[in-house]
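Subject: Structure for your review

Dear colleague,

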Amino acid sequence: MAITIKSNKEIELMREAGKILAITHEELEKALRPGMSTWDINRIGEEVIRSYGCIPSFLNYNGYPASICVSVNNEVVHGIPSKKKIIKEGDIVSLDAGVIYKGYQSDAARTHGIGQISAEAEKLIRVTRESFFEGVKLIKEGVHLNEVSKAIQAYAEGHGFSVVRDLVGHGIGTALHEDPQIPNFAQRRRGPRLQAGMTLAIEPMINAGKYSVNWLDDDWTVVTADGSLSAHYENTVLVTKEGYELLSVR
């Protein structure tokens, strides 16, 4: 699949998808509390998405059984919501969600602390978010994608954390996953040159321990191999001539 350049009309639809996704994340953050199940989180997220006449991107995507990926503590991504899994004080919870609006996608993730969390967990969440912005601040037409990847890695590792290698960001548009792949770590090649109108889902996944991960038997949930905490931060980003626009914040 070639990298797609979006028209002004397509960008407008993706802006709307992103705005609705931003609202969904805001509502989920307000709802989070100790004692709720990860299935409760999923239900709330899906209700918000559908209340705007949108479709949850993740539901039944390659067989994924829910609308919101809910990953707790050492779960990196793609945690499957369950009525039996209860979040508690001190947990960190990563929420990854996507919205389809009139055929166009948005994708964003946030990690939240539940109540009082450890200093390490707080730092991990903060550095993961900051590493995203260290990468995207380099984005503008003409820059090579690898510059973004290198900046994310340098920032995260500079704070004593590691960058997951087995999962990467991606292009996004009418499909949830389009070209190019977007690693959060340096590559040998410079990668494609960015052009105005590209839309990218950039998503650092950062571990407190080593970068190795395993897949659980459900074939979806990715966990840190050493049991350390993991955090995730993602937005849908539009490349412009002068810089970038975040489509999934408002």
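The notes below treat the overall fold and then two individual residues.

Please bear in mind that this is a predicted model. The secondary structure consists of four helices and 15 strands. The radius of gyration is 17 Å, which agrees with the value near 18 Å that a compact globule of 250 residues would have. Along the principal axes, the C-alpha trace spans about 45 × 40 × 30 Å. Of the 250 residues, 54% count as buried. Among contacts with a separation of 6 or more, 70% are between residues 24 or more positions apart. The protein exposes about 10900 Å², and carbon and sulfur atoms supply 48% of that area. There are 28 positive and 32 negative charges, and their mean positions are 4 Å apart.

The C-alpha atom of Gly-171 is 5.9 Å from that of Thr-199, although the two residues are 28 residues apart along the chain. Beyond its neighbours within four places in sequence, Gly-171 is in contact with several residues, including His-177, Pro-180, Thr-199 and Leu-200.

The second residue, Gln-153, is found in helix α4 (residues 145–158). Gln-153 is also buried, because its relative accessible area is 14%. Its side chain reaches the backbone nitrogen of Ala-186 at 2.8 Å. Leaving aside neighbours within four places in sequence, the contacts of Gln-153 include Val-163, Arg-165 and Phe-185.

Yours sincerely

Definitions and conventions
Residues are numbered from 1 along each chain as its sequence is written. This is a predicted model: local features need pLDDT of at least 70, side-chain atom pairs count only at pLDDT 80 or more; totals for chains, interfaces and linings use all residues. Side-chain values use heavy atoms; hydrogens and water are left out. Contact means heavy atoms within 4.5 Å. Helices (H or I, at least four residues) and strands (E, at least two) are DSSP runs, numbered from the N terminus. Buried means under 20% relative accessible area, exposed over 50%, partly exposed in between (1.4 Å probe, protein chains only). A polar contact is a pair of N or O atoms within 3.5 Å; within protein, one must be able to donate a hydrogen and the other to accept it, and residues adjacent in sequence count only if both atoms are side-chain atoms. The radius of gyration is taken over C-alpha atoms; the globule rule is 2.2 Å times the number of residues to the power 0.38. Accessible areas come from the Shrake-Rupley method with a 1.4 Å probe; for residues, only the protein chains shown count as cover. Lys and Arg count as positive and Asp and Glu as negative; His and the chain ends are not counted. The place of a charge is taken as NZ of Lys, CZ of Arg, CG of Asp or CD of Glu.
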